[in-house]
Structures are given as C-alpha cells and as structure tokens.
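Hi,

Here's the structure I promised to pass on.

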Amino acid sequence: MSNVIAEYIWIDGTSPTSQLRSKTKIFKKEEILTMGTVTMGADSLAIWGFDGSSTNQAEGSSSDCVLNPVFICSDPIRGGDNILVLCEVLNADMTPHSTNTRKAAELMSEKYKTHEGWFGIEQEYTMLDSITNQPIGFPEEGFPESQGPYYCSVGASWIFGREMAEEHMELCLDAGLAISGINAEVMPGQWEFQIGPVSALEVSDHLWIARWLLFRVGEMHGIHPSLDPKPVPGDWNGAGAHTNFSTRTMRENYQSIIDGCEALSKTHDLHIKNYGDGNERRLTGLHETQSIDQFSYGASDRGASIRIPWQVEKDQKGYLEDRRPSANMDPYTVTKLILDTICSNEPQ
Ligand code: ADP
Ligand code: MN
Ligand code: MN
Ligand code: MN
C-alpha cells in the first residue's frame, strides 16, 4: 500500500520575528481517504503535536503544543500525492496559542467578509551566501558597483541567483499557490515574488508556504534567504512587503480609495508597530520609502507611505499599495489591521 508524506509546517515563537518550523508525518494512503482529506481539505486532517520548549512556545515542564491543519497543498518537492500542511498552533486545551496570529485574522476576515477584500503582497528578500552570510553578488571585500543597473536586469554582471528565483516560482506554481510574478530587485542578490490578489487568509497562508518553499529551495543552492528589512546598511535598498489592497467598493470608485488612505492616516502608529521588526532601519525617507514617523499618500509616489498606482488614478478605480510593511512582517497581522482600519470606515 502506498504512503502519503505530509510535511506539517508551523510558525514558531521566536521573538521579535517568528521562524518557520516543520516535521514529517507519514500516512497510509487509506488513512487520508478515510479522513476525507481529499474532498474536505485541511479541517479533516489529523492534528499533531510538538515540543514547544524547543520553539520558544512553551516551558519544558508543560511542553506539548498542538498542530491544527489549516491549509493543504501538494508538495512540489516530494511530488506525487505528498502534501504540505500549514498548521496553526494551539495549546493542549485546544485554545489558540499566544503566538497564533491566524485565529484573530480569521475572525476579522469573517467580520468584514461583505466588503470582499483582496490582497496582493510583494515579498522582497535577499539571497545570502549561507557560509559567508554576505548577499550573493557582493565581493568578499568591499562593495559591488552601486545601485542602478540591477533592478529587472539581464546579464551575468548584474543578475545573481536567477536560477533559484525561477526554481522557487516553479515550485509555488506546482503547489497551486496564487503566485503572480517575480522580479530582480534594486540591490544585487535581492529578489521579489508576488502573491495575489486573493482574500486575506488565502494571501497569508499562501505567503507562509511560499516562504517555506523559499528557505527549502535555498538549502539546495547554499543560499539562506533573508527577510531582514535592511540587510546592508547605507546606500542600498531595504526589503519590504508592499501590501496591495482593495474592497469591492474601491474596485468600483476612486473616492473610496482616497477614503481608505484617510482612514490609514489616523492609525499610522498602530500599523507601524505591527509591520515588522527593524523596519526603522528601512523606512528612512530614502530608497523609495517614507520616513517611519511620517504618513503620506499619493498617486505614483514611491516616496509615500501609501501609493495609488498610476493606472488606478487613470481608471478612477482599483486598489492602494501600503508600502510600509517590511519583508519580515506577519501577513496575518498586517492584513487583519488593514481590513479593520479601512472596512470599519467604509459603508459595506
Ligand atoms: P509594483 O512593483 O509596481 O509595486 P507589482 O506588480 O510588484 O507592483 O505588485 C502589484 C500587486 O498588486 C500584485 O501583487 C497584484 O496581485 C496586486 N493587485 C492587483 N490588483 C489588485 C487589487 N484589485 N486588489 C489588491 N491587490 C491587487
Ligand atoms: Mn513589485
Ligand atoms: Mn519591489
Ligand atoms: Mn510595490
């Protein structure tokens, strides 16, 4: 009888920025069929446990935490019928663990579901050589040619790591994730992929799995992808996670996009506190960012906190881009806050 290999993936309690963890569970194919997983999805898949004292999620004296499957996709690395299983973490009494940010995001999505919010997240990251910890494309001593030629470029002098970025894209597609593109970024060795537009929970679940696949494919290339907001200090671009958002109303008229920007202007500090650790090193007012302590919005303005893309201004409908979240942000928390701030100010 054949087996289904399930990789249970979860978000740990490392502070200030959580890390991904995973371990492998082998099912008989028959068990998977009996549970109804093929037709019913994650809800029907068996819960599992782990040692929370090794992941900053529990004390050694009562270390058991529960893995509750919330999203399943095919495992593009193992292939066949094997699956990746994203889990939320619960306490032993089945209440949400304090590090579980998904539960609150789920409640917020439910609260504002009639607004039909869509998110598209642009995940930037930097490929570090896993031995030297330097971005690939940086020489052992000193610096490469300064920024200018690298963004969306072609050619061996400017492009570093394309093979891995392409491989990652293929893996996301094979897994069935809503990946919508990739590009080389402004700093050498820096790349971006985009997920969406899809609902808040979908974009967040898919982004966490896409991040896991990124770290996983990095193992095969000797590359550790960094989500640090400013991997190289000085005159080098940082790494963000621009979060594009629309409601049904925003997709129909421009004034509600402006209303959304105005609503965001009133909660700037709360959002910044939850938009990723170390973001103050990135949001300096230089390198296509607004300063962390200022809020602004504008059409086509890459120096604003919120940008309204030129096409959106031209069409007088569409979406806005929150440029503030850093590359290491938690999408459950960011999408929850944006939904709350904008939808609570929007007639539904
Ligand atoms: P740029 O680099 O110019 O900021 P990208 O093409 O990298 O733009 O990213 C644009 C993002 O906007 C994509 O992730 C896409 O999914 C998202 N997007 C497009 N339309 C909408 C929409 N109506 N609502 C939310 N997000 C959207
Ligand atoms: Mn982009
Ligand atoms: Mn970018
Ligand atoms: Mn962008």
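Below is what turned up, starting with the ligand site and ending with the backbone.

Some ground rules: this is a predicted model, where local features need pLDDT of at least 70 and side-chain atom pairs count only at pLDDT 80 or more, while totals for chains, interfaces and linings use all residues. Residues are numbered from 1 along each chain as its sequence is written, chains are lettered from A and ligands numbered from 1 in the order in which they are written, and side-chain values use heavy atoms, with hydrogens and water left out.

**Ligand 1**

Ligand 1 sits in the largest pocket. (A pocket is an open set of points on a 1 Å grid over the protein atoms alone, where a 1.4 Å probe fits, with protein on both sides within 12 Å along at least five of seven lines; a molecule sits in one if more than half of its atoms lie within 2 Å of its grid points.) The elements giving two or more residues to the shell are strand 6 (118-129), strand 8 (190-198) and strand 10 (243-246). Strands here are DSSP runs of E, at least two residues, and helices are runs of H or I, at least four, numbered from the N terminus.

The shell has 15 residues, with Glu192, Gly196, Pro197, Ser246 and Glu321 the closest; to count, a residue needs a heavy atom within 4 Å. Strand 8 gives the most, four residues. By class there are four nonpolar, six polar and five charged residues, with Asp, Glu, Lys and Arg as charged and Gly among the polar ones.

- Gly196, through a backbone N or O atom at 3.0 Å
- Gln194, through a polar side-chain atom at 3.2 Å
- Arg302, also through a polar side-chain atom, at 3.4 Å

The protein covers 76% of the 590 Å² of accessible area that ligand 1 has on its own (Shrake-Rupley, 1.4 Å probe).

**Backbone and salt bridges**

Gly196 shows up again: a cis peptide bond joins it to Pro197, with omega about 0 degrees, and Pro197 is in strand 8. Another cis bond links Ser15 and Pro16, omega about 5 degrees; Pro16 is in the loop between strand 1 (3-11) and strand 2 (20-28). Glu116 has a positive phi, near 50 degrees, despite not being glycine, and is found in the loop between helix 3 and strand 6.

There are 15 salt bridges (a Lys or Arg side-chain nitrogen within 4 Å of an Asp or Glu carboxyl oxygen). One of them pairs Glu106 with Arg102, closest N and O atoms 3.6 Å apart; both lie in helix 3 (residues 102-111), four residues apart, about one turn.

Cheers

How values were computed: A polar contact is a pair of N or O atoms within 3.5 Å; within protein, one must be able to donate a hydrogen and the other to accept it, and residues adjacent in sequence count only if both atoms are side-chain atoms. On a 1 Å grid over the protein atoms alone, a cavity is a set of points where a 1.4 Å probe fits but cannot get out, and a pocket is an open set with protein on both sides within 12 Å along at least five of seven lines; lining residues have an atom within 4 Å of a point.
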